[in-house]
Amino acid sequence: MNEEDINRCQIQEWYPNFKSTSIKTLIHELPESFIQYLLDDSGPFLLPLSISDDDALPNRIHKPDEEDDFITVEGSEDEAEEPTPPPSFPDLETKIKSSIQTLGGAVFPKLNWSSPKDTAWISSNGNLKCKSFPEIALLLRSSDSIVHDLCHAYDSCADSSKSRPSTFYLALRKWYPTWHPEMEFRCFVRSKKLVGICQREVTNFYPALIEKRGELGKMIEVFFREEVKGVFGSECYTFDVYVTGGGRVKLLDFNTWGGSTLPLLFDWDELKEVIGDEEDDEVEFRVVESRCGIRPGLKTAVPYDYLDMSSGSGWDQFLRKADVESRKQSSAGA
């Protein structure tokens, strides 16, 4: 892939052209001071000082290995030290607070490319639902996915020497309480042709998807032909969609072909060499067909190295073996 392909997948680049078919989103340019705050790990983990007491979270994240910081011995030199002042971004917070209200009181955040899915566990509700600026800051600063946006966005790029864009944006996306993760799907486009579709949430088995696969596939193919093909500029890419209970397809995101994008129930070799070379127009639609086909959660609170999906990696070998075993069991049961 090249730099242009990666840049097209930034939400502030594609959203204006697909606003009518996507979920409601408000986008804010981030000051460089906030970016440096997200990257700063030199001191204690401090949340921004909120301009509203109602929105405030505990300013400091307590760490057991820093227990000494909470103890002052009489006569020690620590008594004379001033505590680290909390960061403050009042202008940014004011804009974010207004956007949250406009979007119904709750949002989920993402930067140019990524949302902080790997830190959902740290929130009070176990997901990405945010109602205040401090909640957003907590998720962003704790996330390895966000670090990827900030420092490694162009690592897979063949024609760029830079590691980050000149400007970062915060996208606040409307939170829907009735969201069904089994209705999210990843779509793979090669040479501007839709070559594969699969469920996006691969850590669960949803029997209803097997019955609805044909119907869902047709809806997504129509959506691609009418709304995406010829509008998004790259030759090869992926896009994620959500199918509502009323049968409407909503665009969620664009991602690069390869690189840090997960192929989920496919692998990149077959998408490129096998499926892409088929002469018929049938698009393969894959879902988890039994509990044996469930894949491990890859965007969870684990070290970043554990997420390596490259050919020959531990995860790559594990998933290949799991796929072979799943196919054996499916054949045996047929």
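These are my notebook entries on a predicted model of one protein chain.

**Ground rules.** I number residues from 1 along each chain as its sequence is written, and I work with heavy atoms for side-chain values, leaving out hydrogens and water. As the model is predicted, local features need pLDDT of at least 70 and side-chain atom pairs count only at pLDDT 80 or more, while totals for chains, interfaces and linings use all residues.

**Overview.** I looked up the secondary structure and found nine helices and eight strands in the protein chain. Helices (H or I, at least four residues) and strands (E, at least two) are DSSP runs, numbered from the N terminus. Of the 334 residues, 43% count as buried; buried means under 20% relative accessible area, exposed over 50%, and partly exposed in between, with a 1.4 Å probe and protein chains only. I then took the contacts (heavy atoms within 4.5 Å) between residues at least 6 apart in sequence: 70% of them join residues at least 24 apart.

**Cores.** I looked for nonpolar cores, that is, sets of buried Ala, Val, Leu, Ile, Met, Phe, Trp, Tyr and Cys residues joined through side-chain atoms within 4.5 Å. The largest has 67 residues, and those with the most contacts inside it are Phe34, Ile136, Phe185, Val228, Phe239, Val241 and Phe254. Another core, of 13 residues, lies apart from it and includes Phe188, Val202, Leu262 and Leu271. For Val241 I listed contacts beyond four places in sequence; among them are Met183, Phe185, Ile220, Phe223, Val249 and Leu251.

**Three-stranded sheet.** I traced an open sheet of three strands in the order β1-β3-β2, with antiparallel pairing. Two strands pair if DSSP finds at least two bridges between them. β1 (25-29) and β2 (107-110) are the edge strands, each with a single partner, so one side of each has no neighbour in the sheet. From one strand to the next the twist averages 20°. β1 pairs with β3 (residues 169-174) over five antiparallel bridges, and Ile27 has Ala171 in β3 as its bridge partner. Helix α4 (residues 90-102) lies across β1, β2 and β3 and runs at about 175° to β1. For these angles, axes are lines fitted to C-alpha atoms, for helices over the stretch in contact, and the angles run from 0 to 180 degrees between N-to-C directions.

I checked burial in β4 and found six of its seven residues buried, so β4 is largely enclosed by the rest of the structure. Six bridges join β4 to β6 in the antiparallel sense, and Val189 has Tyr237 in β6 as its bridge partner. Six bridges also join β4 to β5 (residues 193-199), again antiparallel, with Arg190 opposite Lys193. The hairpin of β4 and β5 has two residues between the strands, and Ser191 in the turn has a positive phi of about 50°. Seven bridges join β6 to β7 in the antiparallel sense, where Tyr242 stands opposite Lys250. That hairpin has five residues between its strands, and Gly247 takes a positive phi near 85°. In β7 (residues 249-256), eight of the eight residues are buried, so β7 is largely enclosed by the rest of the structure.

**Aromatic rings.** I counted 22 aromatic pairs. Rings of Phe, Tyr and Trp (its six-membered ring) pair if their centres lie within 6.5 Å; planes under 30 degrees apart count as stacked, over 60 as edge-to-face and the rest as tilted. Phe108 and Trp175 are edge-to-face, 6.5 Å centre to centre with 75° between the planes. Phe108 lies in β2 and Trp175 in the loop between β3 and β4 (184-190), so the pair ties together parts 67 residues apart in sequence. Trp175 is partly exposed, at 22% relative accessibility. Phe224 and Phe239 are stacked, 5.9 Å centre to centre with 10° between the planes. Phe224 is in helix α7 (residues 207-228) and Phe239 in β6 (residues 237-243), 15 residues apart; both are buried. One aromatic cluster includes Phe224 and Phe239, together with Trp14, Tyr15, Phe18, Phe232, Tyr237 and Phe254.

**Tyr15.** I placed Tyr15 in helix α2 (residues 11-18). Tyr15 counts as buried, at 5% relative accessibility. Beyond four places in sequence, Tyr15 touches Ser22, Ile23, Lys24, Thr25, Ile27 and Arg173.
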